[in-house]
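Have the sequence and the 3D view open, and try each task before reading its solution.

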Amino acid sequence: MGTHTSPAFDITHGMPQGSPLSPILSVLYTSPLLALTGTWDHRNLTIYVNDGTIYATSATANAAATSTIHGLKLALAWLHHNGLTVDPNKTKLITFARRPQNPDLIGSNTQGVCYINPVQGPQHVANSPHIHYLGVFINWKLTWCHHVDIISSHAQSTIRRIHILSNSVQGLNLLNWKKGYNALVIPILTYRAMVWYTGISQKGLVQCLQVTQNEGLCKITGTFKTMPLDPLHNMTGVPPLSYLLPKLMHAYTLIHTILTHNWCHYWPAYINPITNLTCTSKDIGLSTYWPTDPCTARL
C-alpha cells in the first residue's frame, strides 16, 4: 500500500490462461527487446503478447528480406538469452511492392530466406503469398480478397449451423433470431473491418459479404432466395453492409480519437498516479517507423 515495498519472493507457478495479469507481465518482460529495436534503421519490431512481427523496407525486394532476417537474428539472440524462443513453424515471410512491379528497378521477388535458430538450428522460410496475423489474412497484393473470402465462408458455416435452432413450424421467433444473428453472424462479417475497409473501390468486397448476409436473412425469416432484399432488411431490422460498415468505421474513429487525445491534460499531476506501465513506456521511448520506400518485407 502506498510507498510500501514487499520483500522479494520466488514464483513457483505460471499465470493461468486468460489472466488479466499476463499481458502486463508480457509488456514488462519484453520491454528491453523493444528498447533494443529502437536503434534500428529502416526496420521495426512490434509485439502483441506472444505474436511479433518485423517490418523492413529497402529499395529492392531481396534487400528488404535480408534486412528483415537480420532483425530476426538479433531478436532471436535476445530471446534465447532470456529463456524464450520462436516457433519456426509459425514464422512466415511476405514481401510487398508497389504496383506495377518493375524487375529492372526492384529486382525479382525473393523465394525465401535462411537463418540459424539458437535452439532448432538452421531454418528456411519460404516467401508466402499470404499470411495470417492477429486475425487478419494479408496477401502480398494487399487487395483483402483472401481475408473477405475466408470470413465470408466462416459466416456461411455459422449461419448453416445455427439454422437448426428453428424451422418454419417451431423454434426461435423473429425477435430472438435477430438477437442471435446480431450476436453470432454480424461480428464475423465485420471482423477487422477497421483494417481493410476504406469504402473506396471496394464494392466487390462488400458485395461478397452481402451475398452471405442475404443467405442469413433468408434463413432466419424462412423465405425463398428469390425474395427481394429491401423487405428482408426492413422486416429483420438488419441494415445492409454497405451502410453498416461505414457506421462501424465512424464509431471506431470516435473511439480512436478519445483514446489517442489527452482530454484530461488540464488535470493536476496528483490525480494521475504513476504506474509501472507508464514508467516503462517512458523509459523505452518507442518510436514507430512507417516505411515509405518501394519494397517492404514483413516477417
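The exercises below concern a predicted model, and each comes with a worked solution.

**Exercise 1. Describe how helix 1 and helix 2 cross: what is the angle, and what is the handedness?**

Step 1. Start with what is needed: two packed helices are described by the angle between their axes and the distance between the axes.

Step 2. Helix 1 spans residues 21-36 and helix 2 spans residues 61-81; their axes come within 10 Å and cross at roughly 140°.

**Exercise 2. Which residues of helix 1 and helix 2 meet, and how do they divide into nonpolar, polar and charged?**

Step 1. On the helix 1 side, find Tyr 29, Thr 30, Pro 32 and Leu 33. Their partners in helix 2 are Ala 75, Trp 78 and Leu 79.

Step 2. Sort them by class: the contact has 6 nonpolar residues, 1 polar and no charged.

**Exercise 3. Find the aromatic pairs and state the geometry of each.**

Step 1. The count comes to 2 aromatic pairs.

Step 2. Take Tyr 29 and Trp 78: their ring centres are 6.4 Å apart and their planes lie at 75°. Planes over 60 degrees apart count as edge-to-face, so this is the class of the Tyr 29 and Trp 78 pair.

Step 3. Tyr 29 belongs to helix 1 and Trp 78 to helix 2, so the pair ties together parts that are 49 residues apart in sequence.

Step 4. Check accessibility: Tyr 29 is partly exposed at 42% relative accessible area, whereas Trp 78 is buried at 14%.

Step 5. Trp 196 and Tyr 197 form another aromatic pair, also edge-to-face, with 5.8 Å from centre to centre and 85° between the planes. Trp 196 is buried, with a relative accessible area of 1%, and Tyr 197 counts as buried at 12%.

**Exercise 4. Is His 147 buried or exposed, and which residues does His 147 touch?**

Step 1. Locate His 147 in helix 4, residues 145-162.

Step 2. Buried means under 20% relative accessible area; His 147 has 0%, so His 147 is buried.

Step 3. Leaving aside residues up to four places away in sequence, His 147 touches Gly 135, Val 136, Phe 137, Tyr 191, Arg 192 and Trp 196.

Methods
Residues are numbered from 1 along each chain as its sequence is written. This is a predicted model: local features need pLDDT of at least 70, side-chain atom pairs count only at pLDDT 80 or more; totals for chains, interfaces and linings use all residues. Side-chain values use heavy atoms; hydrogens and water are left out. Axes are lines fitted to C-alpha atoms, for helices over the stretch in contact, and angles run from 0 to 180 degrees between N-to-C directions. Helices (H or I, at least four residues) and strands (E, at least two) are DSSP runs, numbered from the N terminus. Contact means heavy atoms within 4.5 Å. Ala, Val, Leu, Ile, Met, Phe, Trp, Tyr, Cys and Pro count as nonpolar, Asp, Glu, Lys and Arg as charged, and the others, Gly among them, as polar. Rings of Phe, Tyr and Trp (its six-membered ring) pair if their centres lie within 6.5 Å; planes under 30 degrees apart count as stacked, over 60 as edge-to-face and the rest as tilted. Buried means under 20% relative accessible area, exposed over 50%, partly exposed in between (1.4 Å probe, protein chains only).
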